[in-house]
Amino acid sequence: MEAAAVAAVLGFLVLAVAGGSAGDEAREAAAVRELLARLLGPGPAAAFSVSVQRALAAESGLDTYRLSGGGAGARVRVLGSTGVAAAAGLHRYLRDFCGCHVAWSGSQLRLPEPLPAVPEELTEATPNRYRYYQNVCTHSYSFVWWDWARWEQELDWMALNGINLALAWSGQEAIWQRVYLALGLTQSEIDEYFTGPAFLAWGRMGNLHTWGGPLPRSWHLKQLYLQHRILDRMRAFGMIPVLPAFAGHVPKALTRVFPQINITQLGSWGHFNCSYSCSFLLAPEDPFFPIIGSLFLRELTKEFGTDHIYGADTFNEMLPPSSEPSYLATATASVYQAMITVDPDAVWLLQGWLFQHQPQFWGPAQVRAVLGAVPRGRLLVLDLFAESQPVYLRTASFHGQPFIWCMLHNFGGNHGLFGALEAVNQGPATARLFPNSTMVGTGMAPEGIGQNEVVYALMAELGWRKDPVADLEAWVTSFAARRYGVDSKETEVAWRLLLGSVYNCSGEACTGHNRSPLVRRPSLQMVTTVWYNRSAVFEAWRLLLTAAPTLAKSPTFRYDLLDVTRQAAQELVSLYYTEARTAYLNKELVPLMRAAGILVYELLPALDGVLASDSRFLLGTWLEQARTAAVSETEAHFYEQNGRYQLTLWGPEGNILDYANKQLAGLVAGYYTPRWELFMQMLVESLVQGRPFHQHQFEENAFQLEQTFVLSTQRYPSQPQGDTVDLAKKLFLKYYPRLVAGTL
């Protein structure tokens with residue numbers, strides 16, 4: 001595609017969503033000032049002057065901020081072209097001039113007095129139009145039980161990190177319910193169709209129906225309320241909310257009302273049978289397709305307004321009924337046509353996951369058919385996993401359609417130290433330099449949040465950088481200093497070790513999905529190899545504990561100490577498992593019993609105890625959030641069971657077993673440990689009785705344990721117990737000397 005044509009397409013996209021009035025500027029400035037007061041308190045916030053002027057970005061059309069002032073008696077002046085730009089400028093000042101840190105796990109906000117002066121007026125423009133955030137799955141793995149207070153924190157974090165484009169998908173089932181009732185479905189048919197709260201993401205993408213449902217009426221009411229507040233705040237900051245649109249999936253019950261309707265049943269997904277998957281896809285040429293699509297979007301925009309960007313995924317991890325390019329083009333065009341019937345300015349945001357997830361189906365002709373079915377500039381593609389498997393490279397920059405370079409990073413919301421920081425650092429700049437690049441932004445698209453914050457800090461910063469960070473070691477050193485509020489030689493070396501090990505994954509194998517034996521159903525074939533030297537983790541652990549007397553009062557340090565301790569325990573599980581497996585295969589009963597005993601009765605209980613010292617690592621916190629979202633005890637039990645299923649079996653038969661694994665106190669003691677105990681017990685019995693170990697029998701028995709946990713009503717603490725530093729030190733003193741001596 002010619003460079004001039006590329007520029008025209010991208011220019012059209014910017015014009016399609018740009019705009020705003022003086023009233024918008026005042027509202028956005030007020031929103032950032034309120035954020036500042038929430039963050040720092042009214043007194044310190046008064047030392048800042050925040051304003052928004054669209055004209056600041058007049059030449060580039062790209063979000064821009066300007067910093068000036070500060071010093072003794074002078075206010076720090078923050079000017080942004082949008083509220084988001086002003087918030088990003090504020091964050092830049094707090095980070096680079098004050099050494100502050102804002103994160104999911106807690107913030108370090110000790111301000112110097114007086115506030116440092118900005119030596120020379122600093123103006124910064126983002127290199128691209130968009131900084132995108134979220135994955136459809138994030139709404140289920142992380143956001144599902146949130147109330148407004150938690151959403152407000154997240155929206156503040158988004159603004160400070162310069163996010164200006166994000167999904168806003170709460171409450172859509174309430175709108176669909178109105179549409180389906182208007183089309184003649186009964187309430188019971190609708191209830192049978194929707195999944196439960198913890199699985200809505202996959203209902204929205206057509207992967208599942210029914211499983212974990214039905215949704216209570218109170219759920220719809222609460223989600224409508226939340227969606228209005230979320231949208232109000234996003235728009236107040238100048239963010240662009242991405243609303244959902246009709247992708248073509250419909251309830252089977254529609255065939256009762258309209259027997260002549262043309263519907264195709266797709267194949268199964270995720271090891272589910274057709275009771276819960278094999279969704280029904282309305283034929284793109286059926287006259288009901290534009291009717292249903294426009295009914296939904298009209299009702300949705302009447303309720304929530306619009307910012308003209310809509311998300312829809314017709315074939316996410318689902319094979320289309322035909323690979324014929326003409327069919328794929330028609331299906332794509334029908335989704336888009338339903339959008340513009342209601343909103344002529346519609347832009348379609350498409351997750352590009354399908355192109356790399358099933359490459360054997362999505363050949364060049366099939367990809368081109370989809371991308372070419374929508375006018376250029378009206379399809380905005382998320383290159384969702386670009387840090388590992390970029391699609392723009394093999395599609396000539398998505399054949400001229402604009403795209404956002406995204407870092408997916410995390411699958412299932414798993415715990416586990418992981419990152420590909422070098423690939424993340426270099427990726428956006430490389431994509432911009434690609435011949436005739438149509439890249440229009442960067443994005444963070446994790447399936448689950450609240451982990452590996454260093455990765456997200458770097459990615460957010462790259463959204464405002466034209467070039468990669470020149471020295472990642474220096475960058476991670478300053479990250480640690482800001483995070484803890486002090487310089488420390490021990491933490492500096494610890495973070496450099498982590499950067500060179502767990503955060504230095506490279507190649508297509510780096511998926512960010514934790515497959516540690518700790519969180520998987522055991523077998524004799526478990527993989528224990530990792531891409532890094534485990535000794536780096538153990539040494540970082542030692543260094544953090546060495547720094548603990550100085551930094552123990554820092555909440556972010558305590559979080560990191562626990563996280564590295566958790567990772568070290570995960571490594572120890574692999575080592576003891578390897579020792580037990582070797583002993584079993586060599587028919588050595590005593591070494592097997594020794595390794596099994598330490599793993600089951602010492603190491604896992606010790607890990608559970610350390611996790612229990614922090615509310616962010618408690619199963620009880622997750623379950624209490626679920627229960628609090630309910631309006632009755634019946635609902636509370638229902639939501640809690642949804643939450644338990646997601647973390648463990650995922651489906652009724654362990655369909656996507658342990659995909660969303662977490663290392664939480666209560667989950668380690670009540671779910672992983674009994675499973676490991678059963679496994680080791682059956683290995684010992686196999687040796688003692690001189691018969692083979694039967695994996696199938698173990699799995700049947702393990703499933704009973706897993707199901708018992710899911711169906712249990714046992715309550716778990718939602719308040720931390722014990723001191724993180726003391727418990728981490730005890731675990732360290734017990735196992736580190738054995739590592740050094742080679743006597744695990």
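Biologist: Which residue forms a salt bridge with R644?

Modeller: R644 forms a salt bridge with E640, and the closest N and O atoms are 3.0 Å apart. A salt bridge is a side-chain nitrogen of Lys or Arg within 4 Å of a carboxyl oxygen of Asp or Glu. Please note that this is a predicted model, where local features need pLDDT of at least 70, side-chain atom pairs count only at pLDDT 80 or more, and totals for chains, interfaces and linings use all residues. Residues are numbered from 1 along each chain as its sequence is written, and side-chain values use heavy atoms, with hydrogens and water left out.

Biologist: Where do R644 and E640 sit, and how many residues apart are they?

Modeller: Both are in helix α25 (residues 633–647). They are separated by about one helical turn because they are four residues apart in that helix. Helices (H or I, at least four residues) and strands (E, at least two) are DSSP runs, numbered from the N terminus.

Biologist: Are they buried or exposed?

Modeller: R644 is buried, and E640 is buried as well. Buried means under 20% relative accessible area, exposed means over 50%, and partly exposed lies in between, using a 1.4 Å probe and protein chains only.

Biologist: Which residue pairs with D563 in a salt bridge?

Modeller: D563 pairs with R566, with the closest N and O atoms 2.9 Å apart. These two are three residues apart in helix α22 (residues 555–585), so about one helical turn separates them. D563 is buried at a relative accessible area of 8%, and R566 is buried at 1%.

Biologist: Which parts of the chain does the salt bridge between D307 and R235 link?

Modeller: D307 and R235 form a salt bridge whose closest N and O atoms are 2.7 Å apart. The pair links distant parts of the chain, 72 residues apart: D307 is in the loop between α12 and β11 (309–311), while R235 is in helix α10 (residues 217–237).

Biologist: How many salt bridges are there by this rule?

Modeller: The count comes to 39 salt bridges.

Biologist: Let us change topic. What does T301 touch?

Modeller: Leaving out residues up to four places away in sequence, T301 touches T306, Y310 and V342. Contact here means heavy atoms within 4.5 Å. T301 lies in helix α12 (residues 288–304) and is buried, with a relative accessible area of 18%. The T301 side chain also reaches the backbone oxygen of R298 at 3.3 Å.

Biologist: And where is M680 found?

Modeller: M680 is in helix α26 (residues 667–689). M680 counts as buried at 3% relative accessibility. Residues up to four places away in sequence aside, M680 touches A580, A596, L599 and V600. Between M680 and L711 there are 24 Å in space, C-alpha to C-alpha, and the two are 31 residues apart in sequence.

Biologist: Which residues of helix α15 are buried?

Modeller: In α15 (residues 364–372), the buried residues are Q366, V367, A369, V370 and L371. They pack against α13 (325–342), β12 (347–351), α14 (353–357), β13 (379–383) and α16 (396–399).

Biologist: Which peptide bonds are cis?

Modeller: A cis peptide bond joins E113 and P114, with omega about -5 degrees. P114 is in the loop between α4 (83–96) and β4 (122–125). The bond from G213 to P214 is also cis, with omega near 5 degrees, and P214 lies in the loop between α9 (200–204) and α10.

Biologist: What is phi of E317?

Modeller: Phi of E317 is near 55 degrees, which is a positive value in a residue other than glycine. E317 lies in the loop between β11 and α13 and counts as partly exposed at 22% relative accessibility. N436 has a positive phi of about 55 degrees although N436 is not a glycine. N436 is in the loop between α17 (421–432) and β15 (439–444), and is partly exposed, with a relative accessible area of 35%.

Terms used. A polar contact is a pair of N or O atoms within 3.5 Å; within protein, one must be able to donate a hydrogen and the other to accept it, and residues adjacent in sequence count only if both atoms are side-chain atoms.
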